[in-house]
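Subject: Structure handover

Hello,

My notes come after it.

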Amino acid sequence: ITFLLCVVANDTGGYAVGVLFGRTPLAPKLSPKKTWEGLGGSALFAVVVGVALTVATLHAPWWVGAVLGLVIVVFATAGDLIESAI
C-alpha cells in the first residue's frame, strides 16, 4: 500500500504542480508537457507520502520514506520518458 500510494502521489503531485506552475519543459522533444516544476511537485508529494506512511504504518525511520519517494520519482519519470521515446 505504501509503495502504491507513493506512485499515486508522484503522478498527482506532478500533474497538479505542472498544470499550475509548469513553465520550463523537462524534455520538450520527448514529452512536451512534462516540466521541471511538475517533477519537483512529484518529488515533494511522493516524499511527503512516503515519509508519512513509513513512519505511521511501517514504523520505519523517516529517511526510509524519503528514499522510497525519491526512488519512485526517478524510476517513474525515467520510465515515462523512455516510453515516450519509443
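Predicted model: local features only at pLDDT ≥ 70, side-chain atom pairs only at ≥ 80, totals over all residues.

Residues are numbered from 1 along each chain as its sequence is written, and side-chain values use heavy atoms, without hydrogens and water.

The structure has 1 salt bridge (a side-chain nitrogen of Lys or Arg within 4 Å of a carboxyl oxygen of Asp or Glu). Aspartate 80 pairs with lysine 34, and their closest N and O atoms are 2.8 Å apart. The pair links distant parts of the chain, 46 residues apart: aspartate 80 is in helix α3 (residues 62–85) and lysine 34 in strand β2 (residues 31–35). Helices (H or I, at least four residues) and strands (E, at least two) are DSSP runs, numbered from the N terminus.

Aspartate 80 is partly exposed at 26% relative accessibility, and lysine 34 is partly exposed at 22% (buried is under 20%, exposed over 50%, partly exposed in between; 1.4 Å probe, protein chains only).

The lining of the largest pocket consists of 15 residues, with Gly14, Tyr15, Lys34, Gly38 and Ser42 nearest its centre. A pocket here is an open set of points on a 1 Å grid over the protein atoms alone, where a 1.4 Å probe fits, with protein on both sides within 12 Å along at least five of seven lines; lining residues have an atom within 4 Å of a point. α1 gives the most to this lining, with 6 residues.

Regards
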